[in-house]
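Reader: Could you take me through this structure feature by feature, giving the general idea behind each reading before the case at hand?

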Amino acid sequence: MIGRARSQAADASKFVVDWMEHRTGVVTHMEHFLYEPVPKRGAWVYTLGSACLFLIALQFLTGILLLFYYVPTTDHAWDSVYYIMNDAYFGVLIRGIHYWSANFLMAVIGMHMAQVFFSGGYKAPRELNWVVGVVLLLLVIGLAFTGYLLRWDQDGFWASVVGMKIGSYSPFIGGATIHFLLGGDTVGPATLSRFFAIHVWLLPAAIAPLIGLHLYLLRRHGVFGSESEYTERLAKLHETQRLEEYSRLEMGDDPYDDDDDRYGDNGSRNGRE
Amino acid sequence: MTELQKDPITRGDFLGFGLLGTVVGAILTIPPVAFVLSPVIKTDLLGESDIDEGWQEVASVSDIPTDEPASFTIEFPIEQIYAGPDVQNQFPDEKRSDEEFTLKNAVWLSWKSEINHDTGKIAKVERPSFLDEKSSGFSESEREELKKNINVLSNSCAHLGCPVRWLINLDGKGEFLCPCHGGLYDINGTYEGGPPPRDMYRYVNVKIEEDGKLYVKHGYDIEPGLDKQQPYVV
């Protein structure tokens, strides 16, 4: 009974997957996108970039949720955060995840950068991905800076004020930058509105396409520094895939109607590393 | 270069397209840029300020202690986006917001003092002696003398703007200490040590009324050579 239901479910999922693959090629793309050969030794350090991506995704999701209750006005910003933390269902959890994943994000980005730096992952042909990564780092710092003020408590307020005063030392544009951020020549309602707009729309809208570009460049060149090691391993992978394909053809099966294991081609683990 | 010109363009067309492009580009970019940068335009180009220009009461001169500074808070009303009177007084019978939109600053008041350079202790305090007899009803010349001898200092550190506080060491020497990076100033706000690039900011517009109340206007002694404030003080 259970076995039959399972095989029916497998058939259905195979049908859906094949249908999608046939029309959009999405499965092949996903496989190309998700599977990456990495050296066996120290494979875990290659997960740091994914960890950054995961934490940023958490930021987006919890940030959207927080927006349902947060109010960016000087008379109610602190009140609304207080409401989230004390009255809203799971408010502590949602804001806690936003707060802690932001903190961890800074640490994980540092580790990710260190890993890329010490493994030489920034060398040709990956220089541009390093550049994009640095821009992403600056955007995340901007997000952390602007998010701090939104709580509108003493801690966040003074940290932002001191941060802006540090910025005022910039040559030539220091004053104008401060006036742009403050929304005038003093901290007030305009400052909170501006930081809110920058934190919630401007920087997330800038960071999202750059993450896409970062991932595209990553997939184009692979994750790690040593070119020969990479090509060798990739050649090996293609060789095994080819041999498997041959052996299947020799057994007389149509490779596109290969359903021996009832999981379909896309479900088999043989073709993957 | 010649092979690039597959589609030859006349000089007139080139200029026409250039002009059209400029006009369309200006129409598309000027409104949003001016919209976002309006505070920069108002502050830096037109010289406007969000902070009220009027006098604000700080304290009575008799409240200033003899040999140490005392801090007082002042609030300058501000007019910034929806905090301005245009919005808040739109319907005078119905208040738009309960919030008092102000800039809250702390001021350190003290008597100008001579410092003994060996011990760092205060050697002489320039406190007018007539203060022992009266706390109000000062004449014109007395008010001038009071004004001359009072330090009106912003509590914003000249390094990065953290609030400074007055501390007295074990050996009895008093100093303003910034908690952030250890900037040090003496009782007159003169730079003593640490990262600050200058003395503490002084309020330049100070007046004392007959009843002994001290008033200030917002504004500091920014050095004339530097047209920019560094750091930015609000």
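Author: Let us begin with a single side chain: W152(A) counts as buried because its relative accessibility is 16%, where buried means under 20% relative accessible area, exposed over 50% and partly exposed in between, with a 1.4 Å probe and protein chains only. This is a predicted model, in which local features need pLDDT of at least 70 and side-chain atom pairs count only at pLDDT 80 or more, while totals for chains, interfaces and linings use all residues, and side-chain values use heavy atoms, with hydrogens and water left out. Residues are numbered from 1 along each chain as its sequence is written, and chains are lettered from A and ligands numbered from 1 in the order in which they are written.

Reader: What is the backbone of W152(A) like, and where is its place in chain A?

Author: As a general idea, most residues other than glycine have a negative phi, and most peptide bonds are trans. W152(A), although not a glycine, has a positive phi of about 55°, and its place is in the loop between α6 (127-150) and α7 (154-167) of chain A. Helices here are DSSP runs of H or I with at least four residues, strands are runs of E with at least two, and both are numbered from the N terminus.

Reader: Is F90(A), which also has a positive phi, buried or exposed?

Author: F90(A) is exposed, with a relative accessible area of 64%, whereas W152(A) is buried. The phi of F90(A) is near 55°, and the residue is found in the loop between α4 (77-86) and α5 (91-118) of chain A.

Reader: How many helices and strands does chain A have, and how should I read its overall figures?

Author: Chain A has 11 helices and 0 strands, and buried residues make up 35% of its 273 residues. Contact means heavy atoms within 4.5 Å; among contacts in chain A between residues at least 6 apart in sequence, 69% join residues at least 24 apart. Its accessible surface comes to about 16,800 Å², of which carbon and sulfur atoms hold 68%, the areas coming from the Shrake-Rupley method with a 1.4 Å probe, and for residues only the protein chains shown count as cover.

Reader: How does the reach of helix α1 of chain A stand against the expected value?

Author: The expected span of a helix is 1.5 Å times one less than its number of residues. Helix α1 (residues 2-24) of chain A has 23 residues and reaches 32 Å from its first C-alpha to its last, close to the 33 Å expected, and G25(A), with a positive phi near 70°, follows α1(A).

Reader: Which residues does V162(A) touch, and how is the contact between the chains described?

Author: V162(A) lies in helix α7 of chain A and is buried, with a relative accessible area of 15%; not counting residues up to four places away in sequence, it touches L160(B) and C162(B). The contact between the chains takes 27 residues from chain A and 33 residues from chain B. Buried area is the accessible area (1.4 Å probe) that two parts lose on being put together, summed over both; between chain A and chain B it is about 2,500 Å², of which carbon and sulfur atoms give 60%. In chain A, K165(A), Y169(A) and D185(A) lose the most area to chain B, together 27% of what that side buries.

Reader: Turning to chain B, why is strand β6 described as largely enclosed?

Author: Strand β6 (residues 150-154) of chain B is largely enclosed by the rest of the structure because 5 of its 5 residues are buried. I150(B), V152(B) and S154(B) point one way from β6(B), while N151(B) and L153(B) point the other way. Two strands pair if DSSP finds at least two bridges between them; strand β3 (residues 102-111) of chain B and β6(B) pair in the antiparallel sense over 5 bridges, with W111(B) opposite I150(B).

Reader: What forms between β7(B) and β8(B)?

Author: These strands form a hairpin with 5 residues between them, and G172(B) in the turn has a positive phi of about 90°. Strand β7 (residues 165-168) and strand β8 (residues 174-177) of chain B run antiparallel and are joined by 4 bridges, with I168(B) opposite G174(B).
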